[in-house]
Every structure is written in C-alpha cells, then in structure tokens.
Amino acid sequence: MPIEWRDKLSVGDPTLDADHKNLIKIINEFEEKADAGFDRQVLSETLKRLMGYAKEHFAREERLQARINYPYYDRHCQEHRRLLRDVEGHIRTYMEDTSTEIDGEVKLAMLHFLRDWLINHIIEQDLKMRPFLGAS
Ligand SMILES: [Fe+2]
C-alpha cells in the first residue's frame with residue numbers, strides 16, 4: 001500500500017517537507033516496481049536513489065538546524081550518520097556481494113527497512129524540530 005503524505009508529517013519547513021515527500025516517493029516507487037518484478041536492478045536503483053537523497057537531504061537539514069541553533073543538533077547528526085551506515089550496509093549486502101540471492105525475503109526486508117527509515121527519521125526525529133521552526 002502506498003504511503004500518503006499528510007499535513008501532520010509537516011516539520012514546518014517547506015524545503016524539508018519537500019525532501020520528505022521525495023523519500024515517500026522513493027519508497028512508493030520501490031514498492032510498485034518490486035510488485036511488478038523484483039530483481040537486483042530494482043533493488044540497486046532504490047538503494048542508489050536513497051543514498052543520493054540521504055546525503056543531500058541530511059546536509060540541508062543539518063544546515064537549517066545549525067542556523068536555528070537546534071538544541072538536539074548533535075544527536076540528530078549522529079542519527080543521520082547511523083541512517084547512512086544502514087544504507088551502506090544494504091549496498092554492501094545486496095549490490096556488492098552479488099552472491100546474495102534476490103528473493104521475496106529480501107524484498108520484504110527492504111520494505112521493512114524503507115518504512116523504518118521513514119518512521120525513525122521523519123516521524124520520530126524530524127517532527128521534534130516543529131516547535132523550533134515556528135510551527136505549532
Ligand atoms: Fe529529514
């Protein structure tokens with residue numbers, strides 16, 4: 001089932017919200033493509049897009065946090081490093097080690113990973129920025 005953007009996911013900054021919508025799009029497109037035929041190509045494309053997204057978005061988010069003197073800045077940066085390590089781990093497991101079979105189990109693991117990424121990152125971490133960005 002595709003994930004839908006809702007106003008309650010807004011962190012109160014249009015640029016970051018646009019980035020988060022992009023993350024949702026990556027997840028939804030992965031699900032759609034994986035349902036049509038899951039293979040290493042679909043998986044690789046998703047992981048590459050996710051890595052690209054993560055690097056750009058985290059940098060934007062950290063710059064904004066520094067600008068507003070966000071009190072949880074250090075903790076949030078550590079969380080970003082952890083999330084990047086997670087994607088790198090998936091890249092190593094599924095893209096670099098081509099002996100790993102790409103099957104239904106991997107597809108499910110990948111879906112869980114993407115949703116966990118979204119939930120941990122936007123819902124649990126980023127929404128804490130809301131009061132500091134002038135949103136209620
Ligand atoms: Fe974010």
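These legends walk through several close-up views of a predicted model.

Figure 1. Let's start with the overall picture before zooming in. The protein chain has four helices and zero strands, and from the N terminus on its elements run α-α-α-α. Along the principal axes, the C-alpha atoms fill a box of roughly 45 × 25 × 20 Å. A compact globule with 136 residues would have a radius of gyration near 14 Å, and the 16 Å of the protein chain agrees with that. Of the 136 residues, 46% are buried. Among contacts with a separation of 6 or more, 77% are between residues 24 or more positions apart.

**Figure 2. Helices H1 and H2 side by side.** Here the view takes in helix H1 (residues 14-36) and helix H2 (residues 40-67), whose axes come within 10 Å and cross at roughly 170 degrees. An angle over 145 degrees counts as roughly antiparallel, so H1 is roughly antiparallel to H2. On the H1 side, look for Thr15, Leu16, Asp19, His20, Asn22, Leu23, Ile26, Glu29, Phe30, Lys33 and Ala34. Their partners on H2 are Val42, Leu43, Glu45, Thr46, Arg49, Leu50, Tyr53, His57, Arg60, Glu61 and Leu64. Sorted by class, this contact of H1 with H2 has 10 nonpolar, five polar and seven charged residues.

**Figure 3. Helices H3 and H4, the second pair in this set of views.** The axes of helix H3 (residues 73-96) and helix H4 (residues 104-125) come within 12 Å, with a crossing angle of roughly 170 degrees. H3 and H4 are therefore roughly antiparallel to each other. From H3, the residues in contact are His76, Glu79, His80, Arg82, Leu83, Asp86, Val87, His90 and Tyr94. From H4, they meet Val106, Ala109, Met110, Phe113, Trp117, Asn120, His121 and Gln125. The residues of this contact divide into eight nonpolar, six polar and three charged.

Figure 4. Which atoms of the protein are donors of the iron ion? They are His20 (NE2), His57 (NE2), Glu61 (OE), His121 (NE2) and Asp126 (OD), lying 1.9 to 2.3 Å from the ion.

Figure 5. Gln65 is buried, with a relative accessible area of 0%. Setting aside neighbours within four places in sequence, Gln65 is in contact with Tyr70, Tyr73, His76 and Met129. Turning to helix H4, we find Gln125 there. Gln125 is buried as well, its relative accessible area being 18%, and the cut-off for buried is under 20%. Beyond residues up to four places away in sequence, Gln125 touches Tyr70, His76, Glu79 and Asn120. To give a sense of scale, Gln65 and Asn120 are 18 Å apart in space, C-alpha to C-alpha, and 55 residues apart in sequence.

**Figure 6. Asn69, a loop residue with a positive phi.** Asn69 lies in the loop between H2 and H3. Its backbone is worth a look: phi of Asn69 is near 50 degrees, a positive value in a residue other than glycine. Most residues other than glycine have a negative phi. Asn69 is exposed, with a relative accessible area of 66%.

Figure 7. Gly12 lies in the segment before H1. How many residues separate Gly12 from Phe132 along the chain? They are 120 residues apart, and their C-alpha atoms are separated by 8.8 Å. Gly12 counts as partly exposed, at 30% relative accessibility.

Key
Residues numbered from 1 in each chain as written. Predicted model: local features only at pLDDT ≥ 70, side-chain atom pairs only at ≥ 80, totals over all residues. Heavy atoms only, no water. Axes fitted to C-alpha atoms, helices over the stretch in contact; angles between N-to-C directions. Helix = DSSP H or I, 4+ residues; strand = E, 2+ residues; numbered from the N terminus. Parallel < 35°, antiparallel > 145°, perpendicular 65-115°, else oblique. Contact = heavy atoms within 4.5 Å. Nonpolar A, V, L, I, M, F, W, Y, C, P; charged D, E, K, R; others polar. Buried < 20%, exposed > 50% of the residue type's maximum accessible area, 1.4 Å probe, protein only. Donors = N, O, S within 2.8 Å, 3.2 Å for Na, K, Ca; no water. Rg over C-alpha atoms; globule rule 2.2 N^0.38 Å.
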